[in-house]
Structures are given as C-alpha cells and as structure tokens.
Amino acid sequence: MSMRAFVRSLPFVSLGACLLCAAFIWHMSIMGSALALQEVSGGQFEFVKVYCIGQRGSSIKLMLRKEPIEVIAYGGAVIEWSQGRIQSDTVIARLIQKGVQGKGVLGTVVSAEAMGNVSLDMRMDVEGERKAHVVGSCKRLQIDPKESLLIMTGSPQIKVSGISPEVSQALGKAGRITMNLESGELLFEPGDEQLLPEVNVQIERKPPEKTMKK
Amino acid sequence: MRLLASLFGFALLISVVAVGFLAKLWWQQEERAQVETAIQSEHNVARRSSLEALMAQVGGLKLRGEKLLGREAASGREFEIGFDELSYSGNVLKLRKPVCSVMDEGAVVASFSGSSVIVSVQKQLLEFIGDVVLKSNKHNAILKSSRMRWRWSDGEVLAIGGVSFALGGMLIGSADSARADTVLGEVELSGRPSLQLRISKWLKY
C-alpha cells in the first residue's frame with residue numbers, strides 16, 4: 001500500500017474505530033440494564049420509592065441516629081412498591097440495615113405508617129392468574145410486615161374489583177379494616193369508632209345465552 | 001616577542017576587567033535577592049500574623065503549618081482543614097482544594113471536600129463550592145451537592161443544588177436542598193425530595 005493510499009484510508013479507519021467503540025459501549029449498557037433487571041425480577045430484593053408530590057413544605061427526613069432508622073415524608077407523601085402505592089399527608093417507615101452475602105447492605109422494613117388523608121391503590125394476585133384491584137381510603141394506615149397485615153382505621157373504606165368473574169366489585173366500610181397481604185383476606189371490625197361493618201357485593205349479571213332455532 | 005607579550009598582557013587586562021564586571025553584576029544580583037527575601041519574609045510574617053489574628057478574633061481557628069485547626073463548639077469535636085492554596089481579603093479566607101476532617105476522640109467521623117471553600121471567620125461558617133462531598137464515617141452515609149455550608153459553631157449543614165444522598169448500599173436520595181448535622185445523623189431533604197430504598201424483603205422479615 002502506498003503512502004498516499006494509506007493517508008486516504010485514515011478517515012475511514014478512524015470512522016470504523018469510532019463505530020466499533022460506540023457498539024461496544026451500547027453492548028455494555030445493554031448488559032448492565034439486563035443484569036439490573038435480572039436482580040429485580042429475581043425477587044432477591046425490591047425497590048421501594050418514597051417521594052413527595054406536595055408543592056410547598058414537603059420534605060423527607062431521615063433519622064440515621066435512631067435504631068431502626070426512621071424515614072419521615074411530609075406533604076403529599078407517596079410510598080410506592082411493586083404491588084401498589086400509598087399516598088397521604090405523612091408517611092413514616094422504620095427500617096433496619098442488613099448485610100446480605102453477595103448483595104451488600106439491604107434494608108428491611110420493620111413498620112410503615114401513613115397518616116392524614118390516606119389513599120391506597122394495590123394490585124394483588126388472586127386465583128387463576130387474576131389480579132384484584134384494591135382501592136381504599138382512611139385516616140390512618142399501618143403495615144405490619146411481621147404479620148403481613150395492612151390495618152386501616154379512621155373511617156376506612158375499601159373497594160375491591162377483579163376478585164372473580166362473578167363478583168364485579170365489593171365495597172366495604174367499618175371502624176377497622178384489616179387485610180392479610182399474603183392471602184388477601186379482608187376483616188371488617190367495628191374498631192374504636194364502633195362503626196358497624198357494611199359490605200356490599202355487586203354480582204356480575206351475565207346476559208342470558210341466546211339459542212338459535214333452526 | 002615584544003608584540004606577543006603585549007598581546008598577552010592586553011588579553012589578561014581584558015579578562016581581569018571582564019571578571020571584575022561579572023563579579024560586580026553577581027554581587028548586585030545577590031544583594032538584590034537578599035533584600036527581596038528580607039522584604040518577602042517580613043511581608044509573610046506580617047500577613048501570617050494578621051491572618052492568625054483574624055482567625056482567632058471570633059472563630060477560634062489556628063493556622064498550624066499548612067492546616068487550619070478549629071473546634072465545633074456544640075459537640076467539642078476538633079476539625080482540621082488541609083488545602084493547596086490560601087488567600088484572604090478582609091474577613092474572608094479562601095482555600096483551594098480543601099479537605100476538612102472532623103474528629104471525635106482521635107477518629108475521623110466526617111469529612112468535607114470540594115473545589116474551594118470560603119471561610120467566614122466572623123460567621124463561623126465554611127462555604128464549600130464545587131462538587132462538594134460530605135462523608136460520614138459514623139453512619140456510612142454520603143451527601144453530595146454543588147454548594148454546602150457548614151457552621152462550625154453548632155454543626156449545621158446546608159446543602160444547596162443538585163443534592164444526592166446515599167446510605168450504604170440500601171438507600172439513595174435526591175432533592176434540591178438538604179439540611180443535616182455534621183455526621184449525617186439527621187438529614188432533611190426538601191425541594192422535590194425522593195428516596196429509593198433497596199430492601200431485602202417487603203411485608204415480611
């Protein structure tokens with residue numbers, strides 16, 4: 001190859017090298033995200049988001065000197081995880097740090113509480129690969145991870161849809177509503193307010209099947 | 001022969017004159033350098049003493065070697081600030097590439113670093129500027145921002161602009177600003193605050 005030809009080919013060679021570098025970077029980024037997804041979907045750990053949607057005076061306070069660590073979110077506070085979200089004026093979560101082999105330090109939620117105007121939106125697995133949609137509101141919501149319970153007090157109301165093909169939706173009111181987060185079981189009690197539980201179930205009425213007469 | 005001798009003599013004379021002239025030049029240069037050094041050291045002594053007087057005035061800071069030493073009034077923790085360059089005018093000191101280590105019983109519990117820091121002696125305030133990092137060894141946490149103010153009288157930290165927070169491998173956060181204490185025992189994120197927790201189990205433990 002002559003010198004002139006070599007000089008002429010230089011821009012193409014450098015362009016090729018640039019493309020090769022770009023392809024390598026793209027490949028690495030794809031690999032990185034695939035790894036991250038694998039970790040999340042593997043169920044080894046989960047991400048929980050805490051944020052504020054309030055415009056003024058919203059803040060998240062972290063009390064690291066306390067044991068367990070306290071996370072307090074004020075002002076349109078939202079706590080969001082894979083199953084759903086809770087929104088309220090104030091959210092308090094207590095968590096402990098735990099060293100997990102091969103995964104470094106992870107947090108474990110000891111308790112979570114929402115106060116104020118609480119709204120709940122969850123999707124839960126039910127039989128037959130269905131997902132029940134749970135929407136609720138109350139003045140106070142507590143999560144007890146040890147017992148897998150979600151406890152709603154302060155004029156709690158709950159609406160469940162998608163439980164079965166026959167039941168279109170169920171509406172419930174009580175002084176205290178307890179939900180088992182593993183089985184999805186709901187318990188309606190009078191609670192401190194002595195409100196008598198009230199549950200309305202709406203049955204899906206299917207139109208009668210038409211038979212064609214020959 | 002006579003001609004050669006006279007030429008040699010002339011050359012010798014020229015050489016002596018040249019050596020004399022060079023010696024005079026060297027002597028003058030040496031003298032000037034000595035005077036300049038004396039002036040410089042007098043100036044430095046004056047600058048240093050006025051600087052020390054300024055720092056001791058309110059803030060109770062001391063300049064020892066290439067480090068500024070002080071004490072956090074509220075907790076009694078000692079701190080030292082290492083730097084690359086120091087300049088000052090009026091009541092304000094400016095340090096380039098500062099690293100401020102806060103110590104409790106001899107162990108470093110927290111450290112600040114940034115591109116530069118402005119020391120307001122009278123306000124007992126350090127204002128770190130540019131990629132500021134506050135690392136707490138006590139709680140294994142890191143607070144980063146573009147500007148950070150630390151008041152060494154009460155240990156209050158105010159981080160402004162592009163705040164990010166990390167606690168070990170389990171929690172990351174972001175906000176527009178944050179308030180904290182020196183060792184990050186308490187951190188308040190405000191202005192679009194958000195946290196992401198990496199938890200081992202949710203609703204079970």
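# Briefing: a predicted model of chains A and B

Leaving aside neighbours within four places in sequence, B:Leu143 is in contact with B:Leu134, B:Ala159, B:Phe165, B:Ala178, B:Ala180, B:Leu184 and B:Val187. Two residues are in contact if their C-beta atoms, placed from the backbone, lie within 7 Å. This is a predicted model, in which local features need pLDDT of at least 70 and side-chain atom pairs count only at pLDDT 80 or more, while totals for chains, interfaces and linings use all residues. Residues are numbered from 1 along each chain as its sequence is written, with chains lettered from A and ligands numbered from 1 in the order in which they are written.

**Confidence**

- The model scores ipTM 0.72 and pTM 0.72.
- Chain B has an average pLDDT of 84, where pLDDT is the predictor's confidence in each residue, from 0 to 100.
- In chain B, 83% of the residues score at least 70.
- Where pLDDT is low, the predicted coordinates should not be read in detail.

**Chain A**

- Chain A has one helix and 12 strands. Helices (H or I, at least four residues) and strands (E, at least two) are DSSP runs, numbered from the N terminus.
- The order from the N terminus on is α-β-β-β-β-β-β-β-β-β-β-β-β.
- Of the 214 residues of chain A, 23% count as buried. A residue is buried if 20 or more other C-beta atoms lie within 10 Å of its own, exposed if 12 or fewer, and partly exposed in between; these C-beta atoms, too, are placed from the backbone.
- Among contacts in chain A with a separation of 6 or more, 41% are between residues 24 or more positions apart.
- Strand 10 (residues 176-180) and strand 11 (residues 186-189) of chain A run antiparallel, joined by four bridges. Two strands pair if DSSP finds at least two bridges between them.
- A:Met179 has A:Leu186 in strand 11 of chain A as its bridge partner.
- Five residues lie between these strands in the hairpin, where A:Gly184 takes a positive phi near 80 degrees.
- A:Glu67 and A:Pro68 are joined by a cis peptide bond, with omega about 0 degrees. A:Pro68 is in the loop between strand 2 and strand 3 of chain A.

**Where the chains meet**

- The contact takes 33 residues from chain A and 28 residues from chain B.
- On the side of chain A that touches chain B, the elements giving two or more residues are strand 1 (46-52), strand 2 (59-63), strand 3 (69-81), strand 4 (84-100) and strand 5 (104-126) of chain A.
- Strand 1 of chain A gives the largest share of that side, seven residues.
- By class, that side of chain A has 20 nonpolar, seven polar and six charged residues. Ala, Val, Leu, Ile, Met, Phe, Trp, Tyr, Cys and Pro count as nonpolar, Asp, Glu, Lys and Arg as charged, and the others, Gly among them, as polar.
- Strand 2 of chain A pairs with strand 13 (residues 186-190) of chain B, antiparallel, over five bridges. Here A:Ile60 stands opposite B:Leu189.

**Nonpolar core**

- The largest nonpolar core has 78 residues. Such a core is a set of buried Ala, Val, Leu, Ile, Met, Phe, Trp, Tyr and Cys residues joined through C-beta atoms within 7 Å.
- A:Val50, A:Val71, B:Leu143, B:Ala178 and B:Val187 touch the most other members of this core. Strand 5 of chain A supplies the largest share of the core, seven residues.

- Strand 10 (residues 141-151) and strand 11 (residues 156-167) of chain B pair in the antiparallel sense over nine bridges. B:Ala141 has B:Leu167 as its bridge partner.
- Their hairpin has four residues between the strands, and B:Gly155 in the turn has a positive phi of about 75 degrees.
- Strand 11 and strand 12 (residues 171-181) of chain B run antiparallel, joined by 10 bridges. B:Ala166 has B:Ile172 as its bridge partner.
- This second hairpin has three residues between its strands, and B:Gly168 in the turn has a positive phi of about 50 degrees.

- B:Arg179 is in strand 12 of chain B. B:Arg179 counts as partly exposed because it has 15 C-beta neighbours inside 10 Å.
- Beyond four places in sequence, B:Arg179 touches B:Val157, B:Leu158 and B:Glu188.
- B:Asn140, in the loop between strand 9 (125-136) and strand 10 of chain B, has a positive phi near 55 degrees. B:Asn140 is partly exposed, with 16 C-beta neighbours inside 10 Å.
- B:Leu184, in the loop between strand 12 and strand 13 of chain B, has a positive phi of about 60 degrees although it is not a glycine. B:Leu184 is buried, with 26 other C-beta atoms within 10 Å.
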